[in-house]
Amino acid sequence: MAKEVLTPQEEMLASAQAQTENFFEKNSKMVVVAIVAIFALAALVFGYKKLIVEPRLTKAQEMLYEAQYRFEQQNADFALALNGDASAPGFAQVVEQYGNTPAGNLAKMYAAACSLRLGDVAAAESYINSFSNVKGVPGQIINAMAAGLKGDIAVEAGDNAKAASLFESAAAVSDNDFTAPMYLRKAALAYRALGNTAKADELLKTIVEKYPASYDSTQAERYLTE
């Protein structure tokens, strides 16, 4: 089957996605550091934590770290990170065995990211749709990434209208200098791919004005002058 020819706007969106999707990979340690506090809080909720909850949380977290180590490699093998092997489990195994733990929930997002990178859009969508938003301030950036992954999946599915909406939602989840401008830029490029340059320029100007120190501010200024 011949590869679909993309318009210049769609190529720009695809390029931006390739440039920014590594944010999740490069900052995954920060994500896990943030979630550690949530692990501890979840354990305290249960009266039987010493016998059942804590061992499950510990094992799930150990398995998550092993899969995450492979995910973070410079030339990451996303299939290996997702499926694991005889020496270490993958995110899919963490989801299967401990999906109802905080670590298992986070593994769903990693599994979605791996599946998307491997071109399995259906699996990526299934994983991310089973992810539950994390409560509390530490979870906001994680929830933003999850919403952003849904936008990336929509882009891969060719639904730029849905992607634009999801990227805007992702930017609104956590107002910070990292994920917010990144997802606003992705939303802007999705709107450009739809031919809505007015909305795209509005979002790009927001990035420049509200997040001037961000990487995406420089990119937004470049797009505005094209």
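Arg-70 is buried, with a relative accessible area of 13%. The model described here is predicted. Since residues under 20% relative accessible area count as buried, Arg-70 falls into this class because its value is 13%. Arg-70 belongs to helix H4. When neighbours within four places in sequence are left aside, the contacts of Arg-70 are Ala-76, Asp-77, Leu-80, Ala-81, Gly-84, Asp-85, Ser-87, Ala-88 and Pro-89.

Aromatic pairs were searched for across the whole structure, and five were found. Phe-71 is part of helix H4 (residues 49-71), whereas Tyr-110 is part of helix H7 (residues 102-117), so the pair ties together parts that are 39 residues apart in sequence. Both partners are shielded by the cut-off used above: Phe-71 is buried at a relative accessible area of 1%, and Tyr-110 is buried at 0%. In the pair of Phe-167 and Tyr-183, the ring planes lie at 10° and the centres are 6.2 Å apart, so this pair is stacked. Phe-167 sits in helix H10 (residues 160-173) and Tyr-183 in helix H11, and the pair thus links distant parts of the chain, 16 residues apart. Phe-167 and Tyr-183 are both buried. Phe-71 and Tyr-110 also belong to one aromatic cluster, together with Phe-78 and Phe-91.

Helix H11 also packs against helix H12. The axes of H11 (residues 179-193) and H12 (residues 197-210) come within 8 Å and cross at roughly 160°. Angles over 145 degrees count as roughly antiparallel, and H11 and H12 are therefore roughly antiparallel to each other. The crossing in which H11 passes H12 is left-handed. On the H11 side, the contact is made by Pro-181, Leu-184, Arg-185, Ala-187, Ala-188, Tyr-191 and Arg-192. The residues contributed by H12 are Lys-199, Ala-200, Asp-201, Leu-203, Leu-204, Thr-206 and Ile-207. By type, the residues of the contact of H11 with H12 comprise nine nonpolar, one polar and four charged.

A further contact of H11 is with helix H13. H11 and H13 pack with their axes 9 Å apart, at an angle of about 25°. Angles under 35 degrees count as roughly parallel, and H11 and H13 are therefore roughly parallel to each other. Their crossing is left-handed. Pro-181, Met-182, Arg-185, Leu-189 and Arg-192 of H11 meet Tyr-215, Asp-216, Gln-219, Ala-220, Tyr-223 and Leu-224 of H13. The contact of H11 with H13 is made up of seven nonpolar, one polar and three charged residues. Pro-181, Arg-185 and Arg-192 of H11 take part in the contact with H12 and also in that with H13.

Ser-217 lies in helix H13 (residues 215-225). Ser-217 counts as buried, because its relative accessibility is 3%. With residues up to four places away in sequence not counted, Ser-217 touches Ile-207, Val-208, Tyr-211 and Pro-212. Ile-207, one of these residues, is also among the residues of H12 in the contact with H11.

Methods:
Residues are numbered from 1 along each chain as its sequence is written. This is a predicted model: local features need pLDDT of at least 70, side-chain atom pairs count only at pLDDT 80 or more; totals for chains, interfaces and linings use all residues. Side-chain values use heavy atoms; hydrogens and water are left out. Axes are lines fitted to C-alpha atoms, for helices over the stretch in contact, and angles run from 0 to 180 degrees between N-to-C directions. Helices (H or I, at least four residues) and strands (E, at least two) are DSSP runs, numbered from the N terminus. Angles under 35 degrees count as roughly parallel, over 145 as roughly antiparallel, 65 to 115 as roughly perpendicular and the rest as oblique. A crossing is left-handed if the near helix is turned anticlockwise from the far one by less than a right angle, and right-handed if clockwise. Contact means heavy atoms within 4.5 Å. Ala, Val, Leu, Ile, Met, Phe, Trp, Tyr, Cys and Pro count as nonpolar, Asp, Glu, Lys and Arg as charged, and the others, Gly among them, as polar. Rings of Phe, Tyr and Trp (its six-membered ring) pair if their centres lie within 6.5 Å; planes under 30 degrees apart count as stacked, over 60 as edge-to-face and the rest as tilted. Buried means under 20% relative accessible area, exposed over 50%, partly exposed in between (1.4 Å probe, protein chains only).
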